[in-house]
Amino acid sequence: MLHGKDIAMRSLARLVGRAAVTALCVSLLDVPQLAAQENSDDPPFPAAESVIVDGDGAVELHVVDMPLATVLRMLSVQGRKNIIATPAVEGTVTADLYNVTFDQALRAVLVTNNCDHRMQGDFIYVYTREELADMQAAATPVASRVYRLNYIRAVDVVAAIAPLMSDDGKISQSPDAEAGLEIKLSDVGGDSYAHQDFIVVHDYPERLDAIGELLRTIDVQPLQVLVEATILRARLTDDNALGVDFSLVGGVDLELLGGTSIGVQNLSVGALPTDRFEKFNSTATTDFASNVPDGGFTLGIIKDHVAVFLRALEQITDTSVIANPKVIALNKQSANIIVGRRDGYITTTVTETQAVQKVEFLETGTQLTFRPFIGTDSFVRMELHPEDSVGGLTAAQLPFEQTTEVTTNVIVRDGHTILIGGLFREVGSESRSQLPLLGDVPWLGDLFRSKNDSLDREEVIILLTVRIIDNHERYAELSAQARDDIELSRVSLRRSAMWHSRERIAQSHYRSALDLQAQGQNALALWNARMAVHNHPRFVSAIKLVQEIQQADEWEDNTGVASDFIDNLIDNDPRGADR
């Protein structure tokens, strides 16, 4: 066993040997570099690899590629700390630390080697991060928690919470709902999932708490927008037509030809008499007035051998169509509204073996398709497709359509109205029929020609107003008020019917029954209530009043073999008392 004196001597020899090595390394350096270091204000390089802990606990550490286990042992000896590392803790340390705390120095050498430590009493245990994760997993068992979703889809939540889950976490979700609305009488959902969306998460409790906090933030009620589109379609048609017809018969009187006229509007000449064939006869006829459309002004003169007819027309048509569809939609959800008609037509597909017919529909009228993207700054980006069209089927059952539509993306502030489409179109045409040369003679040429001028002007304006609905209670109040207004309109329309109609008589008896019941005259009130039901058998309020006065329900027995069988089966069921 070594005595204290021997231990001191050996430590001194170790220090002397280290100093000799240091002196040898220094002697190999260039003299100018040493002189520059001596004259510099920077602190000198450490003479050797060392860990020093002073009396105040400040640590100075200088190591180069030293094994981590050795650095931990030096910190333990110099700092007089109990440090225990697992066999998996390994690596090297290169660092120069000045005047740091013991904890800072320990963390600095551990973090660079993917390690960490835990304090337990007077001991410091050093582990790799993988070992700490395994220890935490063993100490904290995985729990399960169900999160029910109100407004967000389960498939979207799975992607949102994935970064918060640990490697041991698992997640399951409810089935997806049916996509969109399918208008099929034979399929109304079937066995599709009918509950709220949910997710089931299996993970550590602290992870579950973080996931729950995230869901409370993102699973909130979405915003809605009220979109009002105004589509103005104005059309002006201006037609002017003028035509002159004349018939000139030479050598024979119109009476001999059996000439006839319909209201002195045109002339029909019969066959030429046989006793006039040897005479000189002639005829000249124009047919310009037939170019003038029906209507307008007609003037006819027939005298002896001459018939003159003049027709003139000026027709102006001014048509304005205003469509004003309104619809509410959720944020990022498509919406479509159509006010118009659907015309069915048959399409035939012919193959080598068969011909298949299919009924398709042409939709015309006013349509609005849009998708809102609501921002937090009171602005809304809108994907829009307003359309106003007319059309139908030809005699050959082929569809035709004349449409005005716009497809665009716009940004609009809440409550503002913008013009998203405007179209102005004007078509003018002029047609002329005349006799060659004679029709070009000034003034006199009007007798030998007809003119038809038309002007077709069409203008389409599309306006859009978007309002963000953030006060649902106020919106519900206004909706209820609109419902009451419609009910008042319906009642007013009913009251405008003739007094002797059965519904008016039923209403009169019902009001009389209510007044008599309030006066305590139940017999007369019952008679009036029954008269109201007699005149209006589906008058539910009157039927309830009869039951109230009689204090009994007027149900008739539903007789029948099947009904009696079921009633007897229920009455004799021994489990009936337990249900």
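A salt bridge is a side-chain nitrogen of Lys or Arg sitting within 4 Å of a carboxyl oxygen of Asp or Glu. Keep that in mind as we walk through this predicted model, where a search of the whole structure turns up 13 salt bridges.

Let's start with Arg145 and Asp209, whose side chains meet in a salt bridge at 3.1 Å, N to O. Arg145 belongs to strand S7 (residues 143-148) and Asp209 to helix H7 (residues 205-218), so this pair ties together parts that are 64 residues apart in sequence. How accessible are the partners? Arg145 is partly exposed, with a relative accessible area of 31%, and Asp209 is partly exposed too, at 44%.

Stay on helix H7 for the next pair. Here the side chains of Glu213 and Arg216 form a salt bridge of 2.8 Å, N to O. Both residues lie in helix H7, 3 residues apart, which is about one turn of the helix. Glu213 is partly exposed, with a relative accessible area of 44%, while Arg216 counts as exposed because its relative accessibility is 57% and the cut-off for exposed is over 50%.

Arg467 is partly exposed at 36% relative accessible area, but Glu228, at 18%, counts as buried, since buried means under 20%.

One last stop: salt bridges can share partners, and here they join Asp116, Arg118 and Arg129 into one network.

Conventions. Residues numbered from 1 in each chain as written. Predicted model: local features only at pLDDT ≥ 70, side-chain atom pairs only at ≥ 80, totals over all residues. Heavy atoms only, no water. Helix = DSSP H or I, 4+ residues; strand = E, 2+ residues; numbered from the N terminus. Buried < 20%, exposed > 50% of the residue type's maximum accessible area, 1.4 Å probe, protein only.
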